Amino acid sequence: MRKLKQIFILIAFSLFCISCSTVPSTSYNPWSVIQLETESTFADLAFTDDPNHGWLVGSQAALFETTDGGKTWQEKKLDLGEEKASFTAVSFNGQEGWITGKPSILLHTEDGGQSWSRIPLSEKLPGAPNGIVALGSKMAEMVTDLGAIYKTSNGGRTWQALVEGAVGVARTIARSADGKYVAVSARGNFYSTWEPGQTEWTPHNRTSSRRLQTMGYSEDGRLWLLARGGQIQFASTDGQDEEWGEVIYPEPSTSWGLLDLAYRTPEEIWVSGGSGNVLVSFDNGKTWQKDREIEDTPSNLYKIVFVTPEKGFILGQKGVLLRYEPPAETA
């Protein structure tokens, strides 16, 4: 009986330690928490050619404007009638900007957001607008949540389809700087890629038994992925031959889910996740540190956006926004 009791205590202790994090803490906390008066989950953020003037969008038609570089934000209301809108993306090129949303919403501005006009979309559009990139004067590229990709060169009056077939319902879709796309399937059991000039998406098996959470591109065009159970993996090449590096667990023996990854510099990588979880690698993913000063933030942290290496934000839920403030020696 005594031996069984000892075994039980050992098992209980082991289970307790599984939830413990042994990742070193960062030497400083560069993130300040901004709490905005909304219950929305933020989806995207972009700045005009004025580095102090930006826009933040999210669920429940959340629209916030900053004129001081992101230190403070003011809510703006748009008249969308009785429609229950949810904004999914925002992008600017100079003073011209675009906002996508559900159900089938596309907004356009040419004056930095002082006024927004709604661009009508065809009822036959495959899926709802999911993302958009402003490419130049009256030029933009839009992708739907089914993987249909369209381009306009006349301010949204007409659109050219870039891919013939949709990819299906996607969990996430990301675009590289040179126009490539990667989409994670709704269940996370496979992913698909597309490059300019191709007529169809190319499906790929996931790299392990863990379901995919999201994928994206590094600055040099390589794919990266986040999978269930806190798993990270980087493509060893441009990803077309599906050669991947070893699986990385930034925070072993924990159950935190990782939700997004972004490069601040070619070597510095930030990862965010559930329950205020934020980790950083200063050596391109070889070693990791944890920012413990914000882990009590009552929010899942869904997206990381670095506008410049010195200006970054992490987008959360229920009005939580984190703003990056460089340490004094690098500011």
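## Sheets, hairpins and aromatic pairs in a predicted model

Four strands make up an open sheet here, arranged in the order β6-β7-β8-β9 with antiparallel pairing. Its edges are β6 (86-93) and β9 (117-118), each of which pairs on one side only. Please keep in mind that this is a predicted model. The chain has a mean pLDDT of 91, and 91% of its residues reach 70 or more. Residues 3-19 are a stretch to treat with care, with pLDDT below 50 and, beyond near neighbours in sequence, 5 contacts in the model. Where pLDDT is low, the predicted coordinates should not be read in detail.

- Let us begin with β7 (residues 96-102) and β8 (residues 105-109), which are joined by 5 bridges in the antiparallel sense.
- On its other pairing, β8 meets β9 in the antiparallel sense over 2 bridges, and leucine 107 has arginine 118 in β9 as its bridge partner.
- Is β8 mostly covered or open? The strand is mostly covered, with 5 of its 5 residues buried.
- That burial applies to both faces of β8: Ile105, Leu107 and Thr109 are buried on one side, and Leu106 and His108 are buried on the other.

**The β10-β11-β12-β13 sheet**

- Another open sheet of 4 strands runs in the order β10-β11-β12-β13, again with antiparallel pairing.
- Its edge strands are β10 (129-136) and β13, and each of these pairs on one side only.
- Between β12 and β13 there are 2 bridges in the antiparallel sense, and tyrosine 150 stands opposite alanine 161 in β13.

- Strand β18 (residues 212-217) is mostly covered, as 6 of its 6 residues are buried.
- This strand runs antiparallel to β19 (residues 223-227), and 5 bridges join the two.
- To find the pairing by eye, look for leucine 212, which stands opposite alanine 227 in β19.
- The hairpin has 5 residues between its strands, and glycine 221 takes a positive phi near 90°.

**Aromatic rings**

- How many aromatic pairs does a search of the whole structure find? The search finds 14.
- In one of them, the ring centres of tryptophan 31 and tyrosine 324 are 5.3 Å apart and the planes meet at 70°, so the pair is edge-to-face.
- This pair links distant parts of the chain, 293 residues apart: tryptophan 31 is in strand β1 (residues 31-35) and tyrosine 324 is in strand β27 (residues 320-324).
- Both tryptophan 31 and tyrosine 324 are buried.
- Tryptophan 98 and tryptophan 159 also form an edge-to-face pair, at 6.2 Å centre to centre and with 70° between the planes.
- This link, too, spans distant parts of the chain: tryptophan 98 is in strand β7, while tryptophan 159 is in the loop between β12 (149-152) and β13 (160-161), 61 residues away.
- Tryptophan 98 has 0% relative accessibility and so counts as buried, whereas tryptophan 159 is partly exposed at 22%.

**Around threonine 48**

- Threonine 48 belongs to the loop between β2 (42-47) and β3 (54-58).
- Why does threonine 48 count as buried? Its relative accessibility is 8%, and buried means under 20%.
- A polar atom of the threonine 48 side chain lies 3.1 Å from the backbone nitrogen of aspartate 50.
- Leaving aside neighbours within four places in sequence, threonine 48 is in contact with His53, Phe92, Gly94, Gln95 and Gly112.

Notes
Residues are numbered from 1 along each chain as its sequence is written. This is a predicted model: local features need pLDDT of at least 70, side-chain atom pairs count only at pLDDT 80 or more; totals for chains, interfaces and linings use all residues. Side-chain values use heavy atoms; hydrogens and water are left out. Two strands pair if DSSP finds at least two bridges between them. Buried means under 20% relative accessible area, exposed over 50%, partly exposed in between (1.4 Å probe, protein chains only). Rings of Phe, Tyr and Trp (its six-membered ring) pair if their centres lie within 6.5 Å; planes under 30 degrees apart count as stacked, over 60 as edge-to-face and the rest as tilted. pLDDT is the predictor's confidence in each residue, from 0 to 100. Contact means heavy atoms within 4.5 Å. A polar contact is a pair of N or O atoms within 3.5 Å; within protein, one must be able to donate a hydrogen and the other to accept it, and residues adjacent in sequence count only if both atoms are side-chain atoms.
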